[in-house]
Amino acid sequence: MYEGRTDMEPGRVLGHENLGRVQDVGDAVDRIKVGDYVCLPFNVACGYCRNCEAGLTSYCLTMAPPGSAGAAYGFADMGPYSGGQADYLRVPYGDFNCLRLPEDAEEKENDYVMVADIFPTGYHATEMAGVQPGDSVVIYGGGPVGLMAAYSAMLKSAMMVMVVDRHPDRLRLAESIGAIPIDDSKGSPVDQVMELTKGRGADRGCECVGYQAHDPQGHEHPNMTLNNLVKSVKFTGGIGVVGVYIPQDPGGSDEFAKHGEVVFDFGLFWFKGQKMGTGQCPVKRYNRHLRDLIHVGKAKPSFIVSHELPLSEAPEAYKHFDARDNGWTKVVLKTNGTKQGTKRHTARTN
Ligand SMILES: [Zn+2]
């Protein structure tokens with residue numbers, strides 16, 4: 001969206017990872033009260049459609065644009081909802097969407113805000129891949145989501161977690177939580193995974209890069225991480241894909257890419273009997289549990305936060321993050337409200 005590769009129109013407010021204190025509620029809101037500290041799933045969901053009732057809030061039919069499923073704050077092709085990189089955020093269906101935070105909310109704000117998207121999304125990648133205690137897991141992508149997938153695999157007692165990236169700051173963070181950093185600029189990541197797993201391949205793999213995957217020389221290959229995963233994961237292993245792929249990419253590098261078509265190694269995927277899960281995370285499936293792990297001190301996802309900045313510095317932060325500048329692993333943007341002294345609204349770049 002930031003790079004202009006979606007049909008996001010100029011002037012729309014970004015920010016789908018939101019946390020803050022409730023300032024006002026509408027007539028239909030019963031449960032949530034003014035003053036509650038809440039974290040919001042990036043999914044905007046109604047709570048009563050066929051998909052929401054089945055727990056698939058990332059594919060809500062009511063809030064999505066016609067003919068589609070799934071809505072989000074400040075997101076291309078996911079409805080008209082404004083994002084939270086603003087002084088205030090409007091939350092539809094407040095009772096259903098707000099997750100109330102406990103009394104340590106302010107103190108652990110940088111942890112709880114990860115529950116809006118990237119912590120559940122990383123966790124969802126490990127769920128779709130089928131990660132169980134004792135598994136070996138390879139994560140492609142050491143950005144915020146990839147690090148959260150690695151962290152989730154560690155929380156699930158994976159035997160070994162490998163994180164493939166090439167940025168030293170990200171690889172250091174992966175190492176800091178006990179994962180094995182794999183630098184794909186220093187040799188084939190597939191070979192390195194094979195060596196670490198004694199030639200078998202990882203039990204499970206997570207894709208946390210998306211269609212903008214590029215090689216160490218900077219050339220974009222939308223199929224790169226997917227095909228590397230098929231090669232890196234064992235026969236009958238599972239793959240979870242939370243990296244973003246899109247149906248149309250007019251700025252794509254070739255005719256396939258322009259139509260969202262990825263040259264995927266389906267032959268090897270089938271031959272190896274692997275399975276794959278894809279798509280956006282239904283945040284509500286996980287957010288209470290992850291919130292509670294933070295509350296009792298068993299999870300501290302804020303380890304990825306490199307910068308806390310006022311909203312006014314967002315343009316600079318976007319530049320640094322988009323350029324993958326060293327040390328800009330995750331930015332938390334904060335606003336301090338003026339109307340009521342207590343207001344703090346948080347949103348972040350991703
Ligand atoms: Zn719904």
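Two residues are in contact if their C-beta atoms, placed from the backbone, lie within 7 Å. Keep that in mind as we walk through this predicted model, where local features need pLDDT of at least 70, side-chain atom pairs count only at pLDDT 80 or more, and totals for chains, interfaces and linings use all residues. Residue numbers start from 1 along each chain as its sequence is written.

**The whole chain**
- The protein chain has 12 helices and 12 strands; these are DSSP runs (helices are H or I with at least four residues, strands are E with at least two), numbered from the N terminus.
- Take the contacts between residues at least 6 apart in sequence: 67% of them join residues at least 24 apart.

- H7 covers residues 189-196, and its Pro-189, Val-190, Gln-192 and Val-193 are buried.
- Looking down the axis of H7, you'd find those buried residues within an arc of 165°, so they line one face of the helix; the arc is that of the directions from the helix axis to the C-beta atoms.
- Over on the other side of H7, Asp-191 and Glu-195 are exposed.
- What do the buried residues of H7 pack against? Their partners are strands E4 (136-140), E5 (160-165), E6 (180-183) and E7 (202-207), plus helix H8 (224-232).
- Just after H7 comes Lys-198, with a positive phi of about 55°.

**Where H4 meets H5**
- Helices H4 (residues 118-129) and H5 (residues 144-155) pack at an angle of about 60°, and their axes are 7 Å apart.
- That makes H4 and H5 oblique to each other, since angles under 35 degrees count as roughly parallel, over 145 as roughly antiparallel, 65 to 115 as roughly perpendicular and the rest as oblique.
- Residues of H4 at this meeting include Phe-119, Tyr-123 and Thr-126, while those of H5 include Val-145, Met-148 and Ser-152.

**A look at Glu-220**
- You'll find Glu-220 in the loop between E7 and H8.
- Is Glu-220 buried or partly exposed? Glu-220 is partly exposed, with 15 other C-beta atoms within 10 Å.
- Setting aside neighbours within four places in sequence, Glu-220 is in contact with Gln-212, Ala-213, His-214 and Ser-253.
- Glu-220 and Gly-252 are 32 residues apart in sequence, yet 8.9 Å apart in space, C-alpha to C-alpha.

Methods
A residue is buried if 20 or more other C-beta atoms lie within 10 Å of its own, exposed if 12 or fewer, and partly exposed in between; C-beta atoms are placed from the backbone. Axes are lines fitted to C-alpha atoms, for helices over the stretch in contact, and angles run from 0 to 180 degrees between N-to-C directions.
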